[in-house]
Amino acid sequence: MAEGSSEDDSQKTEEPTQRKLEEARKKGQVARGAEMRHIAILGGALAVVAFMVGNIGRGLAPLFTNLLGQANAYPLDGRGAQSLMAGIALNAGAVLAAPLALLFLCAVVGGLMQGRPTLSWERVSPKWSKLNPLTGLKRMFGMQSLVEFLKTLAKCAVVGIVGVAVVWPYGSRLETALFGSAPDILALAGGLVVKLLLAVVIIVAVIAVGDLVYQRFAFMKKMRMSRQELKDEFKQSEGDPHVKARIRQIRLERSRQRMMANVPTADVVITNPTHFAVALKYDQAAMAAPKVVAKGVDSLALRIREVASEHKVPIVENPPLARTLYASVDLDEEIKPEHYKAVAEVISYVMKLRGRPLPKRPSRP
């Protein structure tokens, strides 16, 4: 099984198609780094401590002052305790609502920074395979789990070293601050927490960017496809009516581009004059009869006439012949014998205008 698996992985040398990536997204399989959410939450915590901690303290101070100063006024029976806890929760919730909302918003932004959100029921639907202890052990002791464990250890070590480096210079000040006033202690602690959080945010940001790059690389490698998978997907896509319609549209556009490129080489353009236009080319040495190199109706006919005028290709008005050639002769086909006489008259007229020798009339087969 292992050999077959490695052989399959070795055959997956092609980059994943957009269709496979979209199918993986529907299943909730996307490249996401957990560190991006961590850095967003830590950034929110830094903003809360730096700019909102004063307001939080001033909002909670009256609550605890009243609670501690009038503790004997609160009854200790069930109803009184319930009323007390409800009051504390309401007052504390009102003060902490803004900081908590900011942290929640930062967590959401951390997810959006990695791509558009996905909602997949397959990720949360129960699977019996997850209850298999052998499968659980493979997940716990697999290579991916080992990599994640080592990453966590490395991150904790780096953050710990940075934290010690930030706090170490404050060692003597922390010792003397224990004997100072409460405002001095709070000011020192607040400044230290801000510096510590700032250093941690910078370090975790670097780790988060590196982790996101690695996660996307690993995800794209996992999504790689074999040549056979590409062929199978192409066959399936060919059956999609939307894809078929798009392919037909592209082919039609390219065909029109090639056709319009042939108009300057035509010998004459026969028009309706407003609704039909048919461009003919006749080379006596290479063709048995004149050939239709471009044709169109309405707006396309107008464009053919404009290109012909720009390149000084003669335009002859002959409504019956224009309608007949448009309906009976396909693009890049020679005209039919029943049209030889009418077309020969037109080409002879054009040759006289140009002062060139008249072509021989094509013989009927």
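**Entry 1: K312 and the end of α12**

I began just after α12, where K312 takes a positive phi of about 55°, and I noted that this is a residue other than glycine. This is a predicted model, in which local features need pLDDT of at least 70 and side-chain atom pairs count only at pLDDT 80 or more, while totals for chains, interfaces and linings use all residues. Residues are numbered from 1 along each chain as its sequence is written, and side-chain values use heavy atoms, with hydrogens and water left out.

K312 sits in the loop between α12 and β4 (315–317); helices (H or I, at least four residues) and strands (E, at least two) are DSSP runs, numbered from the N terminus. With a relative accessible area of 72%, K312 is exposed, where exposed means over 50%, buried under 20%, and partly exposed in between (1.4 Å probe, protein chains only).

I found D332 in the loop between α13 (319–328) and α14 (340–354), and its relative accessible area of 48% makes it partly exposed.

**Entry 2: helix α12 itself**

I then checked the length of α12 (residues 299–310): its 12 residues, at 1.5 Å a residue, should span 16 Å, and the end C-alpha atoms are 17 Å apart, which agrees. The expected span is 1.5 Å times one less than the number of residues.

Which residues of α12 are buried? I listed L300, A301, I304, R305, V307 and A308. They lie on the same side of α12, because they cover an arc of only 165° around the axis, the arc being that of the directions from the helix axis to the C-beta atoms. On the other side of α12, I noted S299 and E310 as exposed.

**Entry 3: the salt bridge**

Taking a salt bridge as a side-chain nitrogen of Lys or Arg within 4 Å of a carboxyl oxygen of Asp or Glu, I have a count of 1 salt bridge. The side chains of E306 and R303 meet in a salt bridge at 3.4 Å, N to O. These two residues of α12 are separated by about one helical turn, because they are 3 residues apart in the helix. E306 is partly exposed, with a relative accessible area of 35%, and R303 counts as partly exposed at 38%.

F219 lies in helix α9 (residues 182–222) and counts as buried at 15% relative accessibility.

M143 is in helix α7 (residues 143–167) and counts as exposed at 61% relative accessibility. Together with L146, F149, L150 and L153, M143 forms a nonpolar patch on the surface with about 530 Å² of accessible area. Such a patch joins nonpolar side chains (Val, Leu, Ile, Met, Phe, Trp, Tyr) within 5 Å, from residues with over 30% relative accessible area and no salt bridge.

**Entry 4: totals**

For the protein I recorded 14 helices and 4 strands, with buried residues making up 28% of the 365 residues. Among contacts (heavy atoms within 4.5 Å) with a separation of 6 or more, 74% come from residues 24 or more positions apart. The accessible surface comes to about 24,400 Å², of which 63% belongs to carbon and sulfur atoms, using the Shrake-Rupley method with a 1.4 Å probe.

Note on methods: Patch = residues over 30% accessible without salt bridge, like charges linked within 9 Å, V, L, I, M, F, W, Y side chains within 5 Å.
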